[in-house]
Amino acid sequence: MSTELPPLDELLANSFVVRLPMRVKFRGITQREALLIRGPEGWGEFSAFTEYAPAEASRWLAAGIEAAYQPFPEPRRTSIPVNATLPAVPANQVGTVLEKYDAPHTIKIKVAEQGQSFDDDLARVAQARRLYPQAALRVDANMGWGVDQAVEALKALSEFDLQYAEQPVPGITGLAQVREKLRNAGLDLKIAADEAVRKHTDPLEVSRLGAADLMVIKAQPLGGIQAVLDIAEQAELDVVVSSALDTSVGLAQAAALASALPELPFACGLSTGTLFADDVSHEPLLSTAGFLPVRRVDADLEKLARLSPEQQRADWWRHRVEECYQYLVRV
């Protein structure tokens with residue numbers, strides 16, 4: 001990839017660091033930091049989670065550079081069906097969170113949150129089903145359970161007619177075990193791989209080992225649109241495009257990815273812009289009636305200035321770009 005990289009000083013000169021406030025806590029945070037890159041084709045985003053080391057975070061930088069310097073692929077569709085995302089809130093807050101979405105037809109529900117009990121999960125899913133009886137429900141445990149714990153939890157949650165369960169346990173082997181145990185128990189619940197794909201050195205191993213029924217794929221963590229299209233083509237599994245808690249700039253890249261896939265059998269996880277109390281554009285990428293438009297998003301310089309964090313954090317992000325850039329040059 002080194003021959004395709006723009007000069008580092010050019011990237012840094014056209015980089016803007018932002019901190020977005022969130023409406024509810026999600027993935028343990030109430031503010032989301034990101035670095036945006038302005039390039040010849042538009043805006044790209046680099047927002048690898050702060051705990052990621054350069055080897056992993058560099059793929060996110062590659063995706064941001066791709067979006068800023070390469071045109072999006074020719075779209076096969078102009079809008080993307082998307083799910084609403086329900087964080088691990090108490091059951092009495094489910095309605096308040098979901099009413100922020102415009103007519104959700106699919107709801108992704110976070111479960112297995114650290115510090116909560118399975119009764120909390122059960123109440124949250126039950127309330128979502130009560131309020132939206134016709135919606136497709138899916139749960140995401142973010143690797144929060146052990147194998148036996150996941151099997152028992154998913155048996156109980158399946159009473160609410162789940163579409164699939166996303167990454168109930170860590171790793172590929174654990175996914176395969178959960179899937180087999182559920183099948184042996186007579187439960188044909190689909191299992192989706194997320195972290196087992198984007199955190200693995202070989203994302204196709206999930207497919208080879210039969211560990212999942214579908215893959216959740218994300219543009220930033222896997223290195224950009226073209227890298228993900230290659231993985232999806234080789235995996236021979238159904239795919240769901242999801243965001244990594246992106247700003248509207250990152251969501252635009254993810255929507256372009258979803259629009260380029262030959263098939264899109266499931267609603268995508270690209271309506272997370274609703275979780276932000278502010279965004280980087282005066283025209284943020286938000287869904288209407290459960291569909292997200294496919295379009296580029298232009299960041300607004302006035303907003304970028306207002307949302308800029310303290311200088312120490314801006315310097316931290318620019319230093320991170322340098323580290324990840326050097327990693328990309330080496331590999």
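**View 1. Three strands in an open antiparallel sheet.** In this predicted model, β1, β2 and β3 line up in that order as an open sheet with antiparallel pairing. Strands here are DSSP runs of E at least two residues long, helices are runs of H or I of at least four, and both are numbered from the N terminus. Two strands pair if DSSP finds at least two bridges between them. The edges belong to β1 (15-26) and β3 (42-46), each with a single partner strand, so one side of each has no neighbour in the sheet. On average, neighbouring strands are turned by 35° against each other, direction ignored; the axes are lines fitted to C-alpha atoms, and angles run from 0 to 180 degrees between N-to-C directions. Zoom in on β2 (residues 29-39) and you'll find 5 bridges to β3, in the antiparallel sense. Ile-37 sits opposite Gly-44 in β3.

A note for all views: residues are numbered from 1 along each chain as its sequence is written, and side-chain values use heavy atoms, with hydrogens and water left out. As this is a predicted model, local features need pLDDT of at least 70 and side-chain atom pairs count only at pLDDT 80 or more, while totals for chains, interfaces and linings use all residues.

**View 2. Seven strands in an open parallel sheet.** Read across this sheet and the order is β5-β6-β7-β8-β9-β10-β11, with parallel pairing. β5 (84-86) and β11 (238-241) take the edges; each has a single partner strand, so one side of each is left without a neighbour in the sheet. Neighbouring strands are turned by 25° against each other on average, direction ignored. β7 (residues 136-140) and β8 (residues 162-166) run parallel and are joined by 4 bridges, and Leu-137 stands opposite Leu-162 in β8. The rest of the structure largely encloses β8, because 4 of its 5 residues are buried. Buried means under 20% relative accessible area, exposed means over 50%, and partly exposed lies in between (1.4 Å probe, protein chains only).

**View 3. The largest nonpolar core and its neighbour.** A nonpolar core is a set of buried Ala, Val, Leu, Ile, Met, Phe, Trp, Tyr and Cys residues joined through side-chain atoms within 4.5 Å. The largest one has 111 residues, and Phe-46, Trp-145 and Leu-270 touch the most other members. Helix α10 (residues 248-260) provides the largest share of this core, 9 residues. Apart from this core lies another, of 6 residues, including Tyr-164, Leu-214, Val-216 and Phe-266. Look around Leu-270 and its contacts (heavy atoms within 4.5 Å) include Ile-80, Val-82, Val-241, Leu-251 and Leu-292, leaving aside residues up to four places away in sequence.

**View 4. Leu-175 and Gln-167.** Leu-175 belongs to helix α6 (residues 172-184) and is buried, at 0% relative accessibility. Among the residues Leu-175 touches, not counting those up to four places away in sequence, are Gln-167, Pro-168, Ile-191 and Ala-211. Met-143 is 32 residues from Leu-175 in sequence, and the two are 9.5 Å apart in space, C-alpha to C-alpha. Gln-167 lies in the loop between β8 and α6 and is buried too, with a relative accessible area of 0%. Although Gln-167 is not a glycine, its phi is positive, about 35°.

**View 5. Leu-245, another positive phi.** Leu-245 is found in the loop between β11 and α10. Its phi is near 60°, a positive value in a residue other than glycine. At 3% relative accessibility, Leu-245 is buried.

**View 6. The largest pocket.** This pocket holds about 700 Å³ of space. Of its 34 lining residues, the closest to its centre are Arg-27, Gly-28, Lys-110, Glu-113 and Asn-142. Elements giving two or more residues to the lining are β1, β6 (106-110) and α7 (195-198), and β1 gives the most, with 3 residues. On a 1 Å grid over the protein atoms alone, a pocket is an open set of points with protein on both sides within 12 Å along at least five of seven lines, a cavity is a set where a 1.4 Å probe fits but cannot get out, and lining residues have an atom within 4 Å of a point. Points are joined across faces, edges and corners, and a volume is the space filled by probe spheres set on them.

**View 7. The largest cavity.** There are 2 cavities of 30 Å³ or more in the structure. The largest holds about 40 Å³ of space. Its lining includes Val-82, Asn-83, Tyr-101, Asp-102, Ser-271 and Gly-290.
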